[in-house]
Amino acid sequence: KVLAPLAGLPVLGHIVSRLRRSKYNLKIILATSVNEEEVELVGYAQSIGVEVVRGPEQNVLERYRLIRERYDFDYLVSICGDSPLVEASCVDFLLDEIIESGADYAKLKPDSICIHEGIDPISQRGLDKLLDEAADDPIAQEHVNGYFQTQPEFCRACEVSFPLAEQFEVRLSVDTPADLEFLEALYAQSGCAAGELAVTDIP
């Protein structure tokens with residue numbers, strides 16, 4: 001589905017286009033599996049200037065380890081590959097919050113909602129602790145940031161509440177053909193070029 005066309009551009013192309021709007025000048029890395037069927041995805045990612053790390057299909061945390069070994073960073077942000085309308089402003093907001101608070105990850109306050117799920121920042125310190133102390137935990141291996149939700153004392157969290165403009169619920173991910181059709185309709189109605197549609201453009 002990451003290569004599924006939307007408004008003439010693969011979903012991954014939309015995600016990359018949206019993330020390149022971040023004020024943090026993000027290094028965008030595709031962390032995918034070593035499976036042979038990922039060759040086309042890897043080729044496309046590289047063609048649009050995205051770096052690639054490949055690791056075990058069933059161990060996402062191990063792919064994080066590979067990123068940790070190859071790159072120098074203070075914070076890593078995981079983005080779901082099914083979010084073609086991801087807002088860089090949401091990424092920036094979460095990074096601002098954990099940097100200013102000195103936290104290792106961010107979580108929503110109980111009464112808060114957000115237009116996007118699947119944006120998960122983590123500090124280098126938090127990732128190192130996860131790799132050192134929980135690398136064999138199945139939840140950490142599969143969900144990485146989800147481990148913090150089950151072990152709230154493991155690392156320091158900051159609780160955030162998104163600005164009101166981003167506190168509404170709408171399905172924006174691509175999980176089914178119907179989701180893709182819905183997003184195609186939004187693009188057709190908006191008149192935006194591929195990769196340019198923002199949530200605030202949706203009528």
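**Entry 1: starting inside**

I began with Leu 94, which touches Ala 106, Ile 119, Pro 121, Val 160 and Phe 162 once residues up to four places away in sequence are left out. By contact I mean heavy atoms within 4.5 Å. A note on what I am reading: this is a predicted model, where local features need pLDDT of at least 70, side-chain atom pairs count only at pLDDT 80 or more, and totals for chains, interfaces and linings use all residues. Residues are numbered from 1 along each chain as its sequence is written, and side-chain values use heavy atoms, with hydrogens and water left out.

Next I asked which residues touch the most other members of the largest nonpolar core. They are Leu 94 and Val 160, in a core of 37 residues. I use "nonpolar core" for a set of buried Ala, Val, Leu, Ile, Met, Phe, Trp, Tyr and Cys residues joined through side-chain atoms within 4.5 Å. "Buried" stands for under 20% relative accessible area, "exposed" for over 50%, and "partly exposed" for what lies in between (1.4 Å probe, protein chains only).

I then looked up where this core comes from: helix H1 (11-19), helix H2 (39-47), helix H4 (88-101), strand S8 (157-160) and helix H8 (177-190) each give two or more residues. H4 provides the largest share, 6 residues. Apart from this core lies another, of 20 residues, and I found Val 53, Leu 130, Tyr 147 and Phe 154 among them. In soluble globular proteins, nonpolar side chains tend to be buried together.

**Entry 2: the whole chain**

I stepped back and found 8 helices and 8 strands in the protein chain. Both are DSSP runs numbered from the N terminus, with at least four residues (H or I) for a helix and at least two (E) for a strand.

How does the radius of gyration of the protein chain sit beside that of a compact globule? A compact globule of 203 residues would be near 17 Å, and the protein chain has 17 Å, so the two agree. This radius is taken over C-alpha atoms, and the globule rule is 2.2 Å times the number of residues to the power 0.38. Along its principal axes, the C-alpha trace spans about 50 × 45 × 30 Å.

I noted that 45% of the 203 residues count as buried. Of the contacts between residues at least 6 apart in sequence, 66% join residues at least 24 apart.

For charges, I read 17 positive and 36 negative side chains, with the centres of the two sets 4 Å apart. Lys and Arg count as positive and Asp and Glu as negative, while His and the chain ends are not counted. Each charge is placed at NZ of Lys, CZ of Arg, CG of Asp or CD of Glu.

**Entry 3: two positive phi values**

Most residues other than glycine have a negative phi. I looked up two residues with a positive one. Ala 7 has a phi near 55° and is found in the loop between strand S1 (5-6) and strand S2 (9-10). Its relative accessibility is 31%, so Ala 7 counts as partly exposed.

Val 144 also has a positive phi, of about 55°, and belongs to the loop between helix H6 (138-143) and helix H7 (146-150). Is Val 144 buried or exposed? At 1% relative accessibility, Val 144 counts as buried.

**Entry 4: a few single residues**

Arg 18 lies in helix H1 and is buried, with a relative accessible area of 3%.

Gly 118 lies in the loop between strand S6 (105-108) and strand S7 (119-123). At 18% relative accessibility, Gly 118 counts as buried. Which residues does Gly 118 touch, not counting those up to four places away in sequence? They are Ser 78, Ile 79 and Cys 80.

Asn 35 lies in the loop between strand S3 (29-33) and H2. Asn 35 is buried at 18% and, its neighbours within four places aside, is in contact with Arg 54 and Glu 57.

Leu 3 has its place in the segment before S1 and counts as partly exposed at 28% relative accessibility. I noted that Leu 3 is in contact with Pro 10, Val 11, Glu 40, Leu 41 and Tyr 44, leaving aside neighbours within four places in sequence.
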